[in-house]
Amino acid sequence: MKSIEKLIKLRHDLHQHAELSHQEKKTQAVLKEFLKPYAPKIIPLTDGKAFLAEFDSGQPGPNIVFRADLDALPIKETIELTYSSKNKNISHKCGHDGHMTLVASLAQAWQEQNKKIGKLGLLFQHAEEQGEGAIEIVKDEAFKQWQADMIFGFHNIPGIAEQTVVCIKDTFACTSKGIKFIYSGKTSHAGEPHLSRSPMPALLDLYNKALDSVSDAFDDNFFLATPVFFNLGHENYGISPGNGCAAFTLRSKHSNILKKKESQLIEHAKYLAKMHKLTLDIESKEYFPATTINSKLIPLIDAAATATQLKVHNKDFPYLWSEDFGHYTQALSGIYFGLGVGCEVSELHSPFYNFNDDVIEPYSKFLKQLWVVAMNQYKR
């Protein structure tokens, strides 16, 4: 079987065994079986929820990491494939199966490369979708001891032509976090709502406050508050409800703006609780730092793209979605980039999305060249 056929088969195997965050056991097993002929040292991370496949030249040089994400999404497979997900209502609708395949291709690149220095680490990370995997890896002692000098990460980008690498000079993806406001008051008979302490007025006011704080998404200092969940009481027509909650996703390019707007929203929520004689609990969910990059590594991307005849698309503004790779770039030198998968591919997280197999061969060659360039140009 040709190497590209092996990679496509790997992608299909991974797609069939899609697993949610913190549950990626079969996914790991499929990857380890694929890597076995290349004889890496497997380093378990975060109590076995993730792993690093290490290739060591035995020669002094840089320790370079390429990261892939393991987890899938709670989305039903709605397209007919010969390799459809076997797990009900779970599928790779973000393309992490493609990410893992491309990073795994570097095992063969290592084997084929005659002159090698330093170490190459293929990092297969859990729980990216929940923003929990990268921070756990960064804190893991085994990963710290590996002493990575630089780390590369990427995401497939629908709507961008194939064989196109996307670069953004400072921040690739936004910072975001979820926040949930839980109000508790007092129920009453539905015929005597004036005797209740309903959270409805507070929830409506908080909703309007959140939307009033939103600014232009194409401004450098933009802020976005997206309502994602509302709940008030239960469907019982004899009760005026006393409990309710509202949840939002907060988003910005800059962490200081996110913190400022979050603080303002919290203060207003507390003011409303006091006004309407309610108790208030606040929960934070799924924090993603901004995916900043080391701009000094951009020339490596350009050199690898030129060598493999790929185009480079320089984008001015970050993507509005979030990615937990920012935890790595806060701790060590790293860069994150996009890989175009075609203008006909459905958007990320769509039930009609499927990773484009046609890009596996050119992008595996690009990643190999990126590793070679980084290895040869890096100086400790």
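Phe229 stands opposite Ala247 in strand E12, and that pairing is a friendly way into the sheet around E12. This is a predicted model in which local features need pLDDT of at least 70 and side-chain atom pairs count only at pLDDT 80 or more, while totals for chains, interfaces and linings use all residues. Residues are numbered from 1 along each chain as its sequence is written, and side-chain values use heavy atoms, with hydrogens and water left out.

- Strands (E, at least two residues) and helices (H or I, at least four) are DSSP runs, numbered from the N terminus.
- Strand E10 (residues 223-232) runs antiparallel to E12, joined by 9 bridges; two strands pair if DSSP finds at least two bridges between them.
- Strand E8 (residues 175-184) is also antiparallel to E12, over 10 bridges.
- Within E12, Ala246 is the bridge partner of Phe181, and Cys245 is that of Ile182.

**The whole sheet**
- Four strands form an open, antiparallel sheet in the order E10-E12-E8-E13.
- E10 and E13 (279-288) are at the edges with a single partner strand each, so one side of each has no neighbour in the sheet.
- From one strand to the next, the twist averages 15 degrees (axes are lines fitted to C-alpha atoms, for helices over the stretch in contact, and angles run from 0 to 180 degrees between N-to-C directions).

**Helices on the sheet**
- Helix H7 (residues 200-212) packs on the sheet and touches E8, E10 and E12, where contact means heavy atoms within 4.5 Å.
- The direction of H7 makes about 165 degrees with that of E10.
- Helix H8 (residues 255-275) also packs on the sheet, touching E8, E10, E12 and E13, and its direction makes about 5 degrees with that of E8.
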